[in-house]
Amino acid sequence: MLGDSPIQSAKILLAQSQAQFLNHLMNLPFNVANHLDAALRNAAARLGLTERSFQPEVRVADPANGDFQANGALAFAKREKQNPRALAQQIVDQLGQLQGHFDISLAGPGFINFRLKPATLLGWLQTYDSEEHLQSGAASARDGQTWIVDYSSPNTAKQMHVGHLRSAVIGEAICRLLAFSGAKVIRDNHIGDWGTQFGKLIWAYKRHLDAAALVSEPLEEFERLYKLGSNAAEADPAVLAEAQQELVNLQSGDAENHVIWKKINDVSLAAFQQIYDQLGIKFDVMLGESFYNDKVERVYRELAECGLAQESQGALVVFHPEHPRFAKQPFIIRKKDGAANYASSDLATALHRTEHFKVDGAAYVVDFRQSDHLDQLFLTVEKWFGKTGRKLPQLEHVDFGTVLGENNKPLKTRDGANIRLKDLLDEARLRAFQLVSSKNPDSPETERRGIADIVGVASVQYADLSQNRSSDYVFAWDRMISLEGNTAAYLLYAVARIRSIFRKAELDPTQPPVAGATAPETPQEIALARKLVKFPNAVQLATSTLRPHFLGLYLYEVAGEYSTFYAADKVIVDDPAVRARRLLLCHRTLIMLETGLHLLGLRTDLERM
RNA sequence: GCGCCCGUAGCUCAACUGGAUAGAGUAUUCGGCUACGAACCGAAAGGUUGCAGGUUCGACCCCUGCCGGGCGCACCA
């Protein structure tokens, strides 16, 4: 090899044996924070603190202070009226076996700081070498659990609009995060396929259907028909009566109406699927309201029998006397005309998910405005299942805010209509195409289109996922697609540049030649390596809180550290040990960025951009 | 009226659920391409965390009261 001297060879051998030693004897597990947590608990047990419920409180630290910190001594000392700093010192004295991997120090009133040694960083990076390996090493917090995620849930016979974006995007990320932590995930599209709108729609369908439009633009045609039927019914009571009869016929099993209804749903779902394909979504089941149609009677009966439901103003309702609002605000589970509503079908749904799918948890990815409804639903299910001896699944409302325009009002078109999701994604791809073209005027158009399709859609997804789902978010094309700051494009750019290095050096990025890599040495190498080691913590935090933005923020920081490293340290250098360790950093950055982006539901399959 | 959510740099957002000097991007100013992609990197500047109290070793975070905004509250989901 170029420039190989006996000293360098010896260095490489030494590094290799060091690495093997680390791997075989004392390499750290995937989740370093968990390892520290266990070690601290052991130390506390030896000091007799465990009986007094000592908690280590291990956190990712500010890099200036270390890699991880344990704050548990502070809370414990406060409770026990001890000197926190002295207590922390006692604990540190018990941590001798960690000193091979960490520089341990005390700071402030009693923080214990852990800084990973470069050789340990190297060993960790060498061990976790592929997306599969990251998955298998991930904290298996939900191993063996079954979760159902209820998301997207549009109404059939209507376009999906911007209001459906967040549920779809956040829901898919939640699914992937749950699956990554070991859960079996059932993706359920709880579609609205059984509303009162079908009377007017079927009335118009029978009389005014444009067969050509049904093929080319089915959802537009249904919307046209619905409007037509609705207007006609308003203008003419006779039409209204006919439309109501169509609805009655449908609900009583009339064959012709059922065929039309089925046709409308099938066509709607096929159109939805074009959106889902772009967003990387594939549902396992689509159990909409119609599915639960014949399952609500049992809900009425059971809730009445166990004394939860009562008649009020002609409706069947549930009150929660212990609750400040729901003591007076009823949960209406059957309307006074005897018909079901969404409370009825949501209760039937909860029962079905428990009985049929035997779920351990259910996540409802639904607008924050439905908090009251879901609170009432969860309270009712809890009492109902308690009285009937059923196991209660963990019920989570994964709520999110509104998508706003730049005027801080809900996002609409200029004339006040809802923005169709299809148009929004088309525009994202178009804007990305214009940008890609301006940056790469010489690449072939097909390649630019391919890049733009990935970058455009990813930008929309990531804009949503990169911020706390609880708050409203302002949709601004320029910030989203201008590709600066915490955006999908910035992350994908890092991916593309890493691939570019492997391409230039004619190396296979799946088989990087990293043998003989030495421990990270330059400040930029060390900073990057230290950031990469925290991947499991970011995933764990995002998963346990069901908040994908924690992972997004982490990936952005990884990409930032990588860019700094890239600008400072050339990868393809002559010194084989330096080159190997930088290739190692590049490759591990690549797999963590890709794994993380895949967890968020984004595509990363681009070579250039 | 009752209740839920929100208020952080000019703007858009973070702050690991009570931890260290509240951090990023953007806009502004300055610097960096004959080193693997400058869609990049580095630096400066920018703050009484809506206001006023309280709790404690420690508060953007918890409690109380105000101010401002959004959203729910009897049969549309």
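1. By class, the protein surface near RNA strand B holds 28 nonpolar, 19 polar and 18 charged residues. Here a residue is near a strand if one of its heavy atoms lies within 4 Å of it. Ala, Val, Leu, Ile, Met, Phe, Trp, Tyr, Cys and Pro count as nonpolar, Asp, Glu, Lys and Arg as charged, and the others, Gly among them, as polar.

2. This is a predicted model, in which local features need pLDDT of at least 70 and side-chain atom pairs count only at pLDDT 80 or more, while totals for chains, interfaces and linings use all residues. Residues are numbered from 1 along each chain as its sequence is written, chains are lettered from A and ligands numbered from 1 in the order in which they are written, and side-chain values use heavy atoms, with hydrogens and water left out.

3. Of the 65 residues around RNA strand B, those that come nearest are Asn-113, Glu-289, Lys-335, Leu-483 and Tyr-490. On the RNA side, sugar and phosphate make up 55% of the atoms that come within 4 Å of the protein. Helix H22 (residues 549-568) gives the most to this surface, with nine residues. Helices (H or I, at least four residues) and strands (E, at least two) are DSSP runs, numbered from the N terminus.

4. Individual polar atom pairs reach base, sugar and phosphate parts of the RNA. A polar backbone atom of Lys-336 is 2.9 Å from a base oxygen of RNA strand B. Ser-500 places a polar side-chain atom 2.8 Å from a phosphate oxygen, and Tyr-493 has one 3.2 Å from a sugar or linking oxygen.

5. Chain A is assigned domain 1 (31-116), domain 2 (197-279) and domain 3 (421-599), with bounds from an automatic or database domain assignment. The contact between domain 1 and domain 3 (heavy atoms within 4.5 Å) takes 11 residues from domain 1 and six from domain 3.

6. Domain 1 and domain 3 bury about 710 Å² between them, 50% of it on carbon and sulfur atoms. Buried area is the accessible area (1.4 Å probe) that two parts lose on being put together, summed over both. Asn-31, Val-60 and Asp-67 supply 50% of the area that domain 1 buries against domain 3, more than any other three residues.

7. Two salt bridges are counted between domain 1 and domain 3, a salt bridge being a side-chain nitrogen of Lys or Arg within 4 Å of a carboxyl oxygen of Asp or Glu. Asp-67 forms a salt bridge with Arg-530, with the closest N and O atoms 2.7 Å apart.

Definitions and conventions: A polar contact is a pair of N or O atoms within 3.5 Å; within protein, one must be able to donate a hydrogen and the other to accept it, and residues adjacent in sequence count only if both atoms are side-chain atoms.
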